[in-house]
Amino acid sequence: MIRNGMTAREAVIAVDKIRYVESPYLADWEYLRSLVPPAEWKECKITIPPITWQHLQLRAGTAFTDRSPYTTDKEYFADLAQAYVQELQTLYDAGLRSIQVDDPQLLYFVTDEFRSGCHADGIDPDELLDLYIWAHNQCLVGRPADLHVGIHLCRGNMPGSTHIISGSYERIARRLFTGLDFDTFYLEYDTERAGDFQPLRYLPVGKNVVLGVVSTKSPEMESLDELEARVYAAADVIAQGQGRSRREVLDTTLGVSPQCGFSSVGRGRGIGMTEEKMWEKLQLVQILAERIWERTVGVP
C-alpha cells in the first residue's frame, strides 16, 4: 500500500536486551529551554512517543527476535519501560517539568475493524489493551512528584485533512481514565467522529482533561459561543460523574486546546491551513479560555 507517498514504514525490533544508553530527547529540551528564562521552564512541555508505538504496528510476535532475551511481550515491555523511566528522570534532572506522551493508537481499540483484526490474528483485544495500560504505567513508576505527565489521544491528523479512525471513547473510557496513571488526558473533540462527552463521566477526581475542541485540520473558524457551550457541557458530565459542581470541575480539572498538532506527522498541514490561520486558531483557544474562566469566577 502507498500512503502519503510512502510504500513502507520503518520498524524497530529488539534483537538484544533493551538498555538505556543515552537520552534521545535531552538535546531537544536543552534547545527549548535555551529560548526561555529558567523561571519559565516549568511552563514548557515536550512530547514523546508511547511505549506501545512499535509493538502495535508490528505483526504479533515480531517485536523481538529469537536473538533477544525476550520470550513474552511483558518481558519486552518491562525493559523498554525501564528505559522510559530513566529518560523521564534525565529530562527532569535537566529542568523539565511537563511531558506529553502522544498515543493515537490507543483509540484503535474503539473500532470494530481493529478488534476483528486482533481476533483474526488470535489476539484478545481486551487483553492487549490491558497489556498496553500496564506498559504505560510502568513508564511512570517512581517519577518525581512534581513531574507532570499527560497522554494525548486522537484519531489521526494526516496531511490533506484526513484521519485514520472514527469512534467514541465510550468503549474504552472507563479502562483508560481509571487505569492509566497519567495526570492529564489531552482528548480530541473537534468533530462528531469523536463522539459525545458522556465517556468523561468515568474520569476520577484528581485527573485532568484538556478538551481539543478547536480543529487543526480545517481552516474554518469555530464559533466561540458554540465552543463555550461545549466546554460547559463537558464540565457538567464530569461534575455529575464525580459528584461535584461545574465550578469545581472547571477550577481543578478541565482545560481547552487545539485537537492535535497543525502538522503532527511532519509531512504537511490540513488543506487550506496557512500560518495565519494557525495563529488565528491559537488565539481562538486563548480567547475561549479567558471567556470561560473569567466568567466562572464566583459562579457556584
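Visitor: Where is glutamine 100 placed?
Guide: Glutamine 100 sits in strand S2, residues 98-102. Helices (H or I, at least four residues) and strands (E, at least two) are DSSP runs, numbered from the N terminus. The model is a predicted one, in which local features need pLDDT of at least 70, side-chain atom pairs count only at pLDDT 80 or more, and totals for chains, interfaces and linings use all residues. Residues are numbered from 1 along each chain as its sequence is written, and side-chain values use heavy atoms, with hydrogens and water left out.

Visitor: Is glutamine 100 buried or exposed?
Guide: Glutamine 100 counts as buried because its relative accessibility is 9%. Buried means under 20% relative accessible area, exposed over 50%, and partly exposed in between, with a 1.4 Å probe and protein chains only.

Visitor: Which residues does glutamine 100 touch?
Guide: Leaving aside residues up to four places away in sequence, glutamine 100 touches Lys45, Ile46, Thr47, Ile48, Gly150, His152 and Tyr186. Contact means heavy atoms within 4.5 Å.

Visitor: What joins the side chains of glutamine 100 and aspartate 102?
Guide: The two side chains are joined by a polar contact of 2.7 Å. Such a contact is a pair of N or O atoms within 3.5 Å; within protein, one must be able to donate a hydrogen and the other to accept it, and residues adjacent in sequence count only if both atoms are side-chain atoms.

Visitor: Changing topic, how many cavities of 30 Å³ or more are there?
Guide: A search of the whole structure finds two. The largest cavity holds about 60 Å³ of space. On a 1 Å grid over the protein atoms alone, a cavity is a set of points where a 1.4 Å probe fits but cannot get out, whereas a pocket is an open set with protein on both sides within 12 Å along at least five of seven lines; lining residues have an atom within 4 Å of a point. Grid points are joined across faces, edges and corners, and a volume is the space filled by probe spheres set on the points.

Visitor: What lines the largest cavity?
Guide: Its lining includes Ile48, Val101, His136 and Phe182. By class, that lining has 10 nonpolar, one polar and no charged residues. Ala, Val, Leu, Ile, Met, Phe, Trp, Tyr, Cys and Pro count as nonpolar, Asp, Glu, Lys and Arg as charged, and the others, Gly among them, as polar.

Visitor: And how much space lies in the second largest pocket?
Guide: About 680 Å³. This pocket is lined by 26 residues, with Val12, Ile18, Leu80, Ala83 and Tyr84 nearest its centre. Helix H3 gives the most to the lining, with five residues.

Visitor: How many aromatic pairs does the structure have?
Guide: The search finds 12 aromatic pairs. One of them is tilted: tyrosine 169 and tyrosine 189, at 5.2 Å centre to centre and 50 degrees between the planes. Rings of Phe, Tyr and Trp (its six-membered ring) pair if their centres lie within 6.5 Å; planes under 30 degrees apart count as stacked, over 60 as edge-to-face and the rest as tilted.

Visitor: Are those two tyrosines buried or exposed?
Guide: Both tyrosine 169 and tyrosine 189 are buried.

Visitor: Finally, where is glutamate 276, and is that residue buried or exposed?
Guide: Glutamate 276 is in helix H9, residues 275-295. Its relative accessible area is 55%, so glutamate 276 is exposed.
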